[in-house]
Amino acid sequence: MPNPIRVVMADDAAAVRRMVTDTLSKCPGIKVVGAARNGEEALTMIARESPDVVLLDVEMPIMDGIDTLKNIRKTNRNIPILMFSSLTVRGAGATLDALSFGANDYVAKPTGMANAQEAINYLNTE
């Protein structure tokens with residue numbers, strides 16, 4: 001059996017980190033090796049874990065996804081980086097910026113109160 005695809009993800013929302021980690025962990029051949037709260041933590045995890053893929057939220061405290069992306073691309077042009085963003089006007093603009101700075105693609109993050117409540121419910125059931 002081949003080695004699993006190793007993923008580091010970063011999102012400032014604990015519910016999102018947990019849902020993404022849980023969801024990806026259920027996929028055969030994928031292993032989440034790091035879940036960071038911000039870009040600085042992500043950079044540390046990336047250096048330590050040498051992941052195969054990075055998933056970054058666009059808006060995070062301390063260091064946002066765009067600055068994290070730029071830092072990664074200074075030393076690694078090959079690692080696939082996916083931006084994880086809500087589809088707001090601000091988020092869409094930042095996502096386009098991320099693509100121009102070297103992100104490989106983006107994943108739309110669900111938005112709205114129904115999804116926030118679903119995240120709360122999910123955490124309360126675990």
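This is a predicted model: local features need pLDDT of at least 70, side-chain atom pairs count only at pLDDT 80 or more; totals for chains, interfaces and linings use all residues.
Residues are numbered from 1 along each chain as its sequence is written. Local features need pLDDT of at least 70 and side-chain atom pairs count only at pLDDT 80 or more, while totals for chains, interfaces and linings use all residues, and side-chain values use heavy atoms, without hydrogens and water.

**Exercise 1.** Determine whether Val 7 is buried or exposed, and list its contacts beyond four places in sequence.

Solution. Step one: Val 7 is found in strand β1, strands being DSSP runs of E, at least two residues, and helices runs of H or I, at least four, numbered from the N terminus. Step two: the relative accessible area of Val 7 is 7%, so Val 7 is buried (under 20%; exposed is over 50%, partly exposed in between; 1.4 Å probe, protein chains only). Step three: the contacts (heavy atoms within 4.5 Å) are Leu 24, Ile 30, Lys 31, Val 32, Val 33, Gly 34, Pro 51 and Val 53. Pro 51 is 44 residues from Val 7 in sequence, yet their C-alpha atoms are 5.4 Å apart.

**Exercise 2.** Identify which members of the largest nonpolar core touch the most other members.

Solution. Step one: a nonpolar core is a set of buried Ala, Val, Leu, Ile, Met, Phe, Trp, Tyr and Cys residues joined through side-chain atoms within 4.5 Å. Step two: among the 20 residues of the largest one, the answer is Val 54, Leu 56, Ile 72, Ile 81 and Met 83.
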